[in-house]
Amino acid sequence: MADEGALGTLQLHGFLSQGWVTTDYNNFFGSSSDGGGSFDFTELGANASLRPREDLLLSAQVLSRRAGEIGDGGRPKLDHGLLDYQALSGPERTVGVQLGRVKNPFGLYNQTRDMPFTRPGILLPQSIYFDRARSLALASDGGKAYFEERIGDAGRLRGEVGFGRPQADEDLQGALRLDSVPGSIEPRNSAIAQLLYEHDGGRVVAGLSAAQVEARFERDGGADGQFEFEPWILSLQYNQPLWSLTGEYALRHSSMEGLSDLGADFDITGESWYLQYSRRFSDDWEWLIRYDSLVVDRSDRSGRGFAAATGLPAHARYAEDWTVGLRWHPHPQVMLGAEYHHIEGTGWLPSGDNPDPSETRKRWNMLMLQLSLRF
């Protein structure tokens, strides 16, 4: 392909969103419970892609995200930057590899979770798509292989297997309650895989995702901790022209070894699931209702054992969230959203926004508004 032809494939896109969050108790994405709410929820992204050859794609996105005390406070960072080579591409089968910083294939929404127009609501189900420790799930530095197989006249099977180092950051250190311990989280080589089947042009979608993620907490002046995270997630979705029904169920085994002197070792299996119904009632309007459930430890669902052992609130070990949302598209490049959450438990609350768990409330409510633009 000539240089002029390659430049003709260049695509530039971007998005900007600004949110407002208010809660009656507890804080989410900033000091949301302080009367006037919080405007500390801003997303800004710019992406580019170029196809120098028919079998080669270059793609990258830079993301700036501010969400209270989570993450980098709006500092721009490379969300993904990859080379995608398709060794085989035909009407029945596609086989390829991606190298660089690649998005992790996890559940239905993880690879596009930071683009407001691709999310079903302002906030994804927090039981599975954690914002309090989001860096672990987003992307990995390494590569992945993928294939896509057309099955009959109506089916499509896609598989992905990736290896690399995840972007474990300070948000994971905070979620593990190690933010006051001198040291840092350092990711190790990890693996992730997904198998996704679509039938009848996406009318039915079914997927299975699994990962083995490893990281080390390198402590200053003490023994290091070894962290492991092994999630499995089953995804199901049924789509009609005017409505969609989506559900996902996850089991998450996680452990920490080597920090027994801090009382920070653990070995638990958590459980998450949600059921979501969304409805488009005109070309410009849509609404959703969702129930979302998180249990940090299946052997201690109520959190009473955790409370007895640590003195911290039992409600920090689970969360049940009823959500209703409404979105309006006055223009293809403009979206306005509103979302109300009624929550019992604080299992997915960010520790940075709530440094003292004993001051959190078991039952709380949250209202979110968001304006999103894209180009």
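**Figure 1. Secondary structure and overall form of the protein.** The protein has 4 helices and 17 strands, where helices (H or I, at least four residues) and strands (E, at least two) are DSSP runs numbered from the N terminus. Its radius of gyration, taken over C-alpha atoms, is 21 Å, close to the 21 Å that the globule rule gives for 375 residues, so the protein is as compact as a globular protein of that length. The globule rule is 2.2 Å times the number of residues to the power 0.38. The C-alpha trace spans about 65 × 50 × 40 Å along its principal axes. This is a predicted model, in which local features need pLDDT of at least 70 and side-chain atom pairs count only at pLDDT 80 or more, while totals for chains, interfaces and linings use all residues. Residues are numbered from 1 along each chain as its sequence is written, and side-chain values use heavy atoms, with hydrogens and water left out.

**Figure 2. Salt bridge between Arg219 and Asp261.** A salt bridge is a side-chain nitrogen of Lys or Arg within 4 Å of a carboxyl oxygen of Asp or Glu. Here the N to O distance is 2.9 Å. Arg219 lies in strand E10 (residues 204-219) and Asp261 in the loop between strand E12 (243-257) and strand E13 (266-280), so the pair ties together parts that are 42 residues apart in sequence. Arg219 is buried, at 12% relative accessibility, whereas Asp261 is exposed, with a relative accessible area of 56%. Buried means under 20% relative accessible area, exposed over 50%, and partly exposed in between (1.4 Å probe, protein chains only).

**Figure 3. Salt bridge between Arg363 and Glu344.** The closest N and O atoms of this pair are 3.7 Å apart. The two residues link distant parts of the chain, with Arg363 in strand E17 (residues 363-374) and Glu344 in strand E16 (residues 334-344), 19 residues apart. Glu344 is partly exposed, with a relative accessible area of 22%.

**Figure 4. Salt bridge between Asp200 and Arg203.** The side chains meet at 2.7 Å, N to O. Asp200 is partly exposed at a relative accessible area of 42%, and Arg203 is partly exposed at 30%.

**Figure 5. A network of salt bridges.** The linked residues are Lys144, Glu148, Arg150, Arg156, Arg158, Glu160 and Glu198. Side chains of opposite charge can pair when their charged atoms come close. A search of the whole structure finds 25 salt bridges.

Figure 6. Tyr318 is buried, at 10% relative accessibility. Leaving aside neighbours within four places in sequence, Tyr318 is in contact (heavy atoms within 4.5 Å) with Leu294, Val296, Arg301, Ser302, Glu344, Gly345, Thr346, Gly347 and Lys362. One of these contacts, Glu344, is also the salt-bridge partner of Arg363. Tyr318 and Ser302 are 16 residues apart in sequence and 7.2 Å apart in space, C-alpha to C-alpha.

Figure 7. Ser372 counts as buried at 1% relative accessibility. Not counting residues up to four places away in sequence, Ser372 touches Leu16, Ser17, Pro116, Phe117, Gln333, Val334 and Met335. In the protein, 62% of the contacts with a separation of 6 or more are between residues 24 or more positions apart. Buried residues make up 48% of the 375 residues.
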